[in-house]
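Subject: Structure for you to look at

Hello,

Here is the structure I promised. Please open it next to this email and follow along.

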Amino acid sequence: ANLDIEINYNVLWIDEDMQEGMVLRRTFEQTLGVLWNLPEDVKITYCTHERAIRELANNLYSLVILDHDSYRGDARGPSTLRGIRDLDQDIPIIYTSSSNSVSDSLIRKNVKEIIRTDQLPLRLAELIEKYIEE
């Protein structure tokens, strides 16, 4: 019997600005080609805050990247984070924000790392390697 089982790692990226056709997504994906040496067995799925909990409930993910999404007024990140933790206590979450000023203790207690959005392209491969196989 052939015991070569292919394991794929699925990453869920929750960010309103990373949807299909958006400028930030195109920029990140161009950067991805140049900078991110993602392992071949890693697949990134992008989704909005509205769809995040349903997406997590219906599919198997190894890691979540969650954006604070605060520039539209109320930040969506904290409530999405609560929803994720109600569903799954253990999935590693990397929390991104355009500023360093995420001081909410609920967030700090419930995520592996808080990183500025502009630092993410440089560190994504490293962070995925670090948290995906815990």
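Is Thr80 buried or exposed? Thr80 is buried: its relative accessible area is 6%, and the cut-off for buried is under 20%. Keep in mind that this is a predicted model.

Now find where Thr80 sits. It belongs to helix H3. Its side chain reaches back to the backbone oxygen of Arg76, at 3.1 Å.

**The overall plan**

The protein has five helices and five strands. Along the sequence they follow the pattern β-α-β-α-β-α-β-α-β-α. The chain has 134 residues, and 46% of them count as buried. The accessible surface is about 7800 Å², with 47% of it belonging to carbon and sulfur atoms. Take the contacts between residues at least 6 apart in sequence: 64% of these join residues at least 24 apart.

**The sheet**

The five strands make an open sheet, with parallel pairing. The order is E2-E1-E3-E4-E5. Which strands stand at the edges? They are E2 (42–47) and E5 (113–116). Each has a single partner strand, so one side of each is left without a neighbour in the sheet. From one strand to the next, the twist averages 20°.

Strand pairing has a simple basis. Strands of a sheet pair through backbone hydrogen bonds, either parallel or antiparallel.

Move to E1 (residues 9–14) and E3 (residues 63–67). They pair in the parallel sense over four bridges. Val11 has Leu63 of E3 as its bridge partner. Two helices to find here are H3 and H5. Helix H3 (residues 77–87) packs on the sheet and touches E1, E3 and strand E4 (93–97). The direction of H3 makes about 155° with that of E3. Helix H5 (residues 120–132) also packs on the sheet, touching E1, E2, E3, E4 and E5. The direction of H5 makes about 165° with that of E5.

**Strand E3**

How many of the five residues of E3 are buried? Five of the five are, so E3 is largely enclosed by the rest of the structure. Leu63, Ile65 and Asp67 point one way from the strand. Val64 and Leu66 point the other way.

E3 has pairing on the E4 side too, again parallel and over four bridges. Leu66 stands opposite Tyr95 in E4. Trp13 stands opposite Ile65.

**Helix H2**

Helix H2 covers residues 49–58, and its buried residues are His49, Ala52, Glu55 and Leu56. Why do they line one face of the helix? Seen down the axis of H2, they fall within an arc of 95°, so they line one face. The face turned away carries the exposed residues Glu50, Arg54 and Asn58. The cover over the buried residues includes E1, E2, E3 and H3.

Start with Asp15. It is in the loop between E1 and helix H1 (23–34). Asp15 is buried, with a relative accessible area of 3%. Beyond its neighbours within four places in sequence, it is in contact with Cys47, Asp67 and Asp69. Then compare sequence with space. Asp15 and Thr48 are 33 residues apart in sequence, yet 5.5 Å apart from C-alpha to C-alpha.

Next, go to Glu113. It is found in strand E5. Is Glu113 buried or exposed? Glu113 is buried, with a relative accessible area of 14%. A polar contact of 2.4 Å joins its side chain to that of Tyr131. Leaving aside neighbours within four places in sequence, Glu113 is in contact with residues including Ile93, Tyr95, Arg123 and Leu127. Tyr95 is the residue of E4 that stands opposite Leu66.

Best wishes

Note on methods:
Residues numbered from 1 in each chain as written. Predicted model: local features only at pLDDT ≥ 70, side-chain atom pairs only at ≥ 80, totals over all residues. Heavy atoms only, no water. Pairing = 2+ DSSP bridges. Axes fitted to C-alpha atoms, helices over the stretch in contact; angles between N-to-C directions. Contact = heavy atoms within 4.5 Å. Buried < 20%, exposed > 50% of the residue type's maximum accessible area, 1.4 Å probe, protein only. Polar contact = N/O pair within 3.5 Å; in protein donor to acceptor, adjacent residues only side chain to side chain. Arc of directions from axis to C-beta. Areas by Shrake-Rupley, 256 points an atom, 1.4 Å probe, with all protein chains shown as cover.
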